[in-house]
Amino acid sequence: MKTTLQKLGKSLSAMVMPNIGAFIAWGFITALFIADGWLPNEQLASIQPYMLTYLLPVLIAATGGRMVGGDRGLVMGSIAIIGCIAGVGGTQGQPMLMAAMVMGPFSGWVIKRFDQMMDGHMPAGFEMLINNFSVGILGMLIAILGYYIIGPFMTGILTVLTYGVDILVNKGLIPLVAIFIEPAKVLFLNNAINHGIFTPIGAEQAAQTGKSIMYMLEANPGPGLGVLLAYWLFAKDKATKDSAPGAIIIHFLGGIHEIYFPYILMNPVVIVAPILGNICAIAFYSIFNIGLKGPSSPGSIIAFLSMAEKGSVFMTALGVLIAAGVSFLVASPIVKLAGEKNLDEASKKMQSMKAESKGRSEALLDVSLVRKIVFACDAGMGSSAMGATKFRNRLKGVRPDLTVINTSVDNIPVDCDVAVVQETLVERAKKICTFCENSYNIKLLGRSSFR
């Protein structure tokens, strides 16, 4: 079940993550130039609705179409989502972000199936004609489908979801979502939750009210900060204690939340601390009607505060401090009573929770033949980036000829020699590496986290 959820979450977040820069640009324009923004400007503020209505859905649908159907799927997804947008009234209707997550992959699948049926049956000399007209005709048909059915249907779904969120907010129950968010984050579903679910709903709320609390539910760096502070001050294992300050910098300033997951996995009871910390922070934001203008990505304090409303930066920061303080107070006695548990124990415990990866007993590569090492994580922007940077710095004085990069697990390049992945992603990485140029000697090094 967890693997299925990870795949679904990956599919959703993989359509959003490459386009986060566009979401941030939209968020900045909203925060700066709308009537109650930092630098009100009616002309520049007019850019915002077009970005939300057209640019962001087209980017998501194009990315989803390309994931399934390549470049032809990209074009198909772009055509299809325009039908949905037109079907709900353009800038007067709801943003079609969730519709884009459906129409993009569906359009890519349609053109992929068409290409498979035409394989071996393409008349000589008519390749370009058929390829162009197939995208045009099928794209038109799916756009019509989107206009009459998918667009209105997804509008209904989004209305129900938004209404459900409003009920939770009005009834004071929204803080309880932290009970599900924090454990899901530790299972590396953080990107799927934040960008696959909260970001589309948050965009809809921000379009109506100029802000959304949905952007704050997962991205708040406070809960993780409290856990790391507790280990820094009270951990009995010296190695764990000494590693915490560096982890705090990476987590709080760099926004890579994955760095604190092993600290919870070494003592699962500690998960209570970030849950309670996030509950308190969300309750605080709900009571004072605080929200962000756009998504905070990565979840660093810098990005978090940069998306705050004009006049609410202090309250936004105070919510982070509340989360960190509560998390620290709850985690501290648990860490004190935990004994000398360390990160190595956490890694072993993580490994015991996962199926043993295949090929672990095979002989290692001749390191002199290795030219490219790839660190891959679910989204390709968090733990893999950190792991690649640290490993590259260690090797640059010894093997300057080595290339060390990071990417998402579904985009491991064909010239990869060694892929370093989280153990839960080994099977997915193997499927990708089957097509690598060096697949006959590639090694998949499964790890619970990059340290």
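1. In this predicted model, V374 has I405 of β2 as its bridge partner. Strands β1 and β2 (residues 403-408) run parallel and are joined by six bridges.

2. Strand β1 also pairs with β3 (residues 418-422), again in the parallel sense, over four bridges. Here F375 is the residue that stands opposite V420.

3. Is β1 buried or exposed? Six of the six residues in 372-377 are buried, so the strand is largely enclosed by the rest of the structure. In a regular strand the side chains alternate between the two faces of the sheet. In β1, K372, V374 and A376 point one way, while I373, F375 and C377 point the other way; all are buried.

4. K336 lies over the face of F234, 4.4 Å from the ring centre.

5. The whole structure contains nine aromatic pairs. For Y147 and Y148, the ring centres are 5.0 Å apart and the planes meet at 75°; planes over 60 degrees apart count as edge-to-face, so this pair is edge-to-face. Y147 is partly exposed at 38% relative accessible area, whereas Y148, at 61%, counts as exposed.

6. One aromatic cluster is formed by F284, Y285 and F288.

Definitions and conventions:
Residues numbered from 1 in each chain as written. Predicted model: local features only at pLDDT ≥ 70, side-chain atom pairs only at ≥ 80, totals over all residues. Heavy atoms only, no water. Buried < 20%, exposed > 50% of the residue type's maximum accessible area, 1.4 Å probe, protein only. Helix = DSSP H or I, 4+ residues; strand = E, 2+ residues; numbered from the N terminus. Pairing = 2+ DSSP bridges. Phe/Tyr/Trp six-rings, centres within 6.5 Å; stacked < 30°, edge-to-face > 60°. Lys NZ or Arg CZ within 6 Å of the ring centre and 35° of its normal.
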